[in-house]
Amino acid sequence: MPKVMNHQLGREMDYPYEAAYPDRQFAFVFNINRCIACQTCTMACKSTWTYGDGQEFMWWNNVETKPYGGYPQHWDSKLLSMLEEKNPEGQTWDEKGTFEGKTIFETGVDPDRDQRVLGYLPGDEEWQAPNVFEEVARGAKGLAGPANGVSLPEHGTWFFYLQRLCNHCSHPACLAACPRQAIYKREEDGIVLIDQERCRGYRKCVEACPYKKSLYRPNTNTSEKCIACYPRIEGKDSEIDAGIPIETRCMSACVGKIRLQSLVQMERDGSWKNDPDNPIYYMVHEERVALPLYPQFGTSPNGFYIPPRWVPRSYLDQMFGPGVDEAIERYVYPSRRLLAVLALFRASRQIIFRFEVENGKKVGESEVTLPSGESKTLEIFNDKAIGYDAKGNVAVSITIEEPVHVRPKEHYNSI
Amino acid sequence: MSVPRNTTTPSEDEAVLLARGARYRLVGRLLADSLQAPFAQPNDLEAGAAACAYLGDLEGWDLIDAIRGSLPSCEEEARAAYTHVFGILVSAEAPPFEVEYEPRTDVFWRASAMADIAGFHGVFGVEIGGHERPDHVAVEADFLWYLLEREVAAQALGHGEEKVEVVASAFRSYFVDHFGNWTPSFAVSLAKLADRRGATFYGGVADFLAHIVTAEAAVLGVPPAAVRPPVVTDAPAPDACEGCEAGTS
Ligand code: SF4
Ligand code: SF4
Ligand code: SF4
């Protein structure tokens, strides 16, 4: 089997195809700390793309409450157990952050079943309760005071919302598993699509995608998945001037302002081109405040998460790989530049390709307790974050202190 | 750089217990007297339906679906629906109280049965808010929900197998000796009464309760309890004094 470089694992890995990467890659950062589980994103996607017959149980975007929730049920713990079974006690990372265990491409080869990737096909019932266990916490419930685990850095009783869609992976398992080569990754933006003409509904992609984001549609006998709202990425959505890429439906609908997306530039070897003025590159590679979801699966997902700061680290370590403590520390004690980028989340409909920060006056201070227990004073400056669209025009200009507009008296009640 | 440990994710067994608990919680809320305890809201139905779907309990899901349209929409409606079926005092035809289904009617036995139920609650630190009787169906359903949550918490907090087993066996005893023993009878009586009074909502609730208690008996591997009519206590108890009809001995 060919070898490809998996930069998230810090090593080469087996993959059924030779390495091939797009010029630019669709990527996003979600700030888990901010999500309110309103499911506006979920409904934005559903009402745009999956409202037809046969798509009743199809949610390309979903928000599940961890640790018990999952769509399909227990998708992650099931696969983690399968990997553990194949490689007992071997799924670890070394001190340098290199993965020592096995990915789904390195354990799943079963020529008798034409299986190229370790995975499983969820049963119908596993798709039927997409939002079960919403807001169900783990730990002691109903107790008051510190016994209930209310002090940081880790709460004794906890849950958090995990927002999920297809990661438009750099080493997609869905694509690797398809016997008809009906799945392809676009050169221009790395979006992974299923060719509906070629698909015969073998469900190999459903079985292989570790995130379970390829879904089967029974009435067309094909599989379908998130299309990254590609008409919007191409700037062809009628909502806005032609030619300017705009954020996807699920991103632009986000009420909690937890989502930011962009296209990052790729090197030939699959790494990201050094581009610290791109907000996603900046958060993932400069600040390292956002981490990939289950990088150990091996697909090099392009969705990144700012981890929730109250959750037991052992759980987060398993979910996001190395660097959780550092990411949380940078988030709770952000640099001026990071604070400015955080202000850009959901501030514009146009995709931001580049940002700048203009320094402003100091406007306040705040005492911050780091995960280590150390206290620090965070100075807050009213800096201005400016985001530029694909054509280099200013898409948004926003200050850290939100401007206050007072409605004139005669319009107090008007809408 | 931190080195992720290879931790286990919460077990699926915990999730199953939580889902079973959610069904009990819904039963409790559907049958609560809104003067004493929170009455079911639409989101309770959704949580119950999701739990049924999770458990692969599609019959439960359908039964909840059938209740949806007739769910009282406000506190007054809930109260009116409750008194329409159960009366202001204890309904003789479908009383929502455990001891009314016991063939023994002497007051001492009833008091000690009630004390036994309250004792169960007390051991687990549960006090009943409001003025509800400890043997009310909603209280008992809530208590079973609570025990399942306790079992999950004991597992999640790593309290050890012994403590988990204490809660699990209390759950089993409470179901076998109390809730599971009389609610099949109550569900049958309630269904008949609701039918006669045209109370669609409680008819649906009776069906859901009957289904849940059967499903739970199967989970625990115990036979479903025999159905018996409630004991009509309008007539004076045999050992009552004719003057005041209160017990004499
Ligand atoms: S998340 Fe799944 S469906 Fe999406 S590209 Fe990756 S493997 Fe394919
Ligand atoms: S990117 Fe578009 S298609 Fe994909 S989940 Fe979001 S809204 Fe749905
Ligand atoms: S719209 Fe935003 S805040 Fe709401 S559930 Fe989705 S990600 Fe969370």
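1. Chain B has an average pLDDT of 87, and 89% of its residues score at least 70; pLDDT is the predictor's confidence in each residue, from 0 to 100. This is a predicted model, in which local features need pLDDT of at least 70 and side-chain atom pairs count only at pLDDT 80 or more, while totals for chains, interfaces and linings use all residues. Residues are numbered from 1 along each chain as its sequence is written, chains are lettered from A, and ligands are numbered from 1 in the order in which they are written.

2. Within chain B, confidence is highest in α8(B), at 97, and lowest in helix α5 (residues 107-123), at a mean of 89. Helices are DSSP runs of H or I with at least four residues, strands are runs of E with at least two, and both are numbered from the N terminus. Please take care with residues 235-249 of chain B, where the pLDDT is below 50; beyond near neighbours in sequence, this stretch has 16 contacts in the model. Where pLDDT is low, the predicted coordinates should not be read in detail.

3. Helix α8 of chain B (residues 200-220) passes a simple length check: at 1.5 Å a residue its 21 residues should span 30 Å, and its end C-alpha atoms are 30 Å apart, which agrees. The expected span is 1.5 Å times one less than the number of residues. After α8(B) comes Gly221(B), with a positive phi near 70°.

4. Now the interface: 33 residues of chain A are in contact with 22 residues of chain B, contact meaning that C-beta atoms, placed from the backbone, lie within 7 Å. On the chain A side, α2 (75-86), α9 (313-320) and α10 (324-332) are the elements that give two or more residues. The most come from α9(A), with four residues. The predictor gives the complex an ipTM of 0.80 and a pTM of 0.89.

5. Chain A also holds an open sheet of four strands, in the order β10-β3-β12-β11, with mixed pairing; strands pair if DSSP finds at least two bridges between them. β10 (259-265) and β11 (291-292) of chain A stand at the edges with a single partner strand each, so one side of each has no neighbour in the sheet. Strands β3 (residues 24-31) and β12 (residues 303-306) of chain A run parallel, joined by four bridges. Phe28(A) has Gly303(A) as its bridge partner in β12(A).

6. Finally, ligand 3 has 15 residues around it, of which Cys35(A), Cys38(A), Cys41(A), Cys254(A) and Gly256(A) come nearest. A residue counts as near if its C-beta atom, placed from the backbone, lies within 6 Å.

Key
Two residues are in contact if their C-beta atoms, placed from the backbone, lie within 7 Å.
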